[in-house]
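Let's take a friendly walk through this model together. Please have the sequence and the 3D view open as you read.

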Amino acid sequence: MVFLRVFVIVVLAVVAWCAVAYLLTRERKYLRVGVRALVAGLAGALLFFAVMFVQRL
């Protein structure tokens with residue numbers, strides 16, 4: 001569970017940094033990187049919970 005907490009904090013930090021960078025520079029590449037990081041974070045979380053679910057079966 002500690003791994004999941006650290007993972008969530010890192011993903012949220014990357015998304016926040018990209019959002020701030022986009023607001024300051026108006027370069028869409030930061031917005032794309034932030035969205036990709038968010039999608040990757042969600043996929044990683046879903047995979048983590050799927051593995052936990054399979055272990056409980």
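Leu42 is a handy place to start: this residue sits in helix 2, which runs over residues 28–56. Keep in mind as you look around that the model is predicted. Is Leu42 buried or exposed? Its relative accessible area is 53%, and the threshold for calling a residue exposed is over 50%, so Leu42 counts as exposed. Now look across to Val8, which is 34 residues away from Leu42 along the chain. The C-alpha atoms of Leu42 and Val8 are separated by 9.1 Å.

Let's follow helix 2 itself. It is built from 29 residues, and the distance from its first C-alpha to its last is 42 Å, close to the 42 Å expected at 1.5 Å a residue. Which residues of helix 2 are buried? They are Tyr30, Gly34, Ala37, Gly41 and Ala45. Helix 1 is included in what covers these buried residues of helix 2.

Turning to helix 1, you will find 24 residues there, with a reach of 34 Å from first C-alpha to last, close to the 34 Å expected at 1.5 Å a residue. Its buried residues are Leu4, Val11, Cys18, Ala21 and Tyr22, and they pack against helix 2.

Helix 1 also has a story to tell on its surface. Val6 belongs to this helix, which spans residues 2–25. With a relative accessible area of 48%, Val6 is partly exposed. Together with Val2, Val10 and Val14, Val6 makes a nonpolar surface patch of about 330 Å².

Next, move to the place where helix 1 ends. What follows helix 1? The residue there is Arg26, and its phi is positive, near 60 degrees. Arg26 lies in the loop between helix 1 and helix 2. Most residues other than glycine have a negative phi. Arg26 is not a glycine, yet its phi is about 60 degrees and positive. At 57% relative accessibility, Arg26 counts as exposed.

Side chains of opposite charge can pair when their charged atoms come close. How many salt bridges does the structure hold? It holds one, and the side chains that meet in a salt bridge are those of Glu27 and Lys29, at 3.6 Å from N to O. Glu27 is partly exposed, with a relative accessible area of 36%. Lys29 is also partly exposed, at 41%.

Finally, step back to the protein chain as a whole. It has two helices and zero strands. Its radius of gyration is 14 Å, well over the 10 Å that the globule rule gives for 57 residues, so the chain is more spread out than a compact globule. Taken along the principal axes, the C-alpha atoms fill a box of roughly 50 × 20 × 10 Å. What share of the 57 residues is buried? Buried residues make up 18%. The chain exposes about 4800 Å², and carbon and sulfur atoms supply 75% of that area.

Conventions: Residues are numbered from 1 along each chain as its sequence is written. This is a predicted model: local features need pLDDT of at least 70, side-chain atom pairs count only at pLDDT 80 or more; totals for chains, interfaces and linings use all residues. Side-chain values use heavy atoms; hydrogens and water are left out. Patches are made of residues with over 30% relative accessible area and no salt bridge: like charges are joined within 9 Å, nonpolar side chains (Val, Leu, Ile, Met, Phe, Trp, Tyr) within 5 Å. Accessible areas come from the Shrake-Rupley method with a 1.4 Å probe; for residues, only the protein chains shown count as cover. A salt bridge is a side-chain nitrogen of Lys or Arg within 4 Å of a carboxyl oxygen of Asp or Glu. Helices (H or I, at least four residues) and strands (E, at least two) are DSSP runs, numbered from the N terminus. Buried means under 20% relative accessible area, exposed over 50%, partly exposed in between (1.4 Å probe, protein chains only). The radius of gyration is taken over C-alpha atoms; the globule rule is 2.2 Å times the number of residues to the power 0.38. The expected span of a helix is 1.5 Å times one less than its number of residues. Contact means heavy atoms within 4.5 Å.
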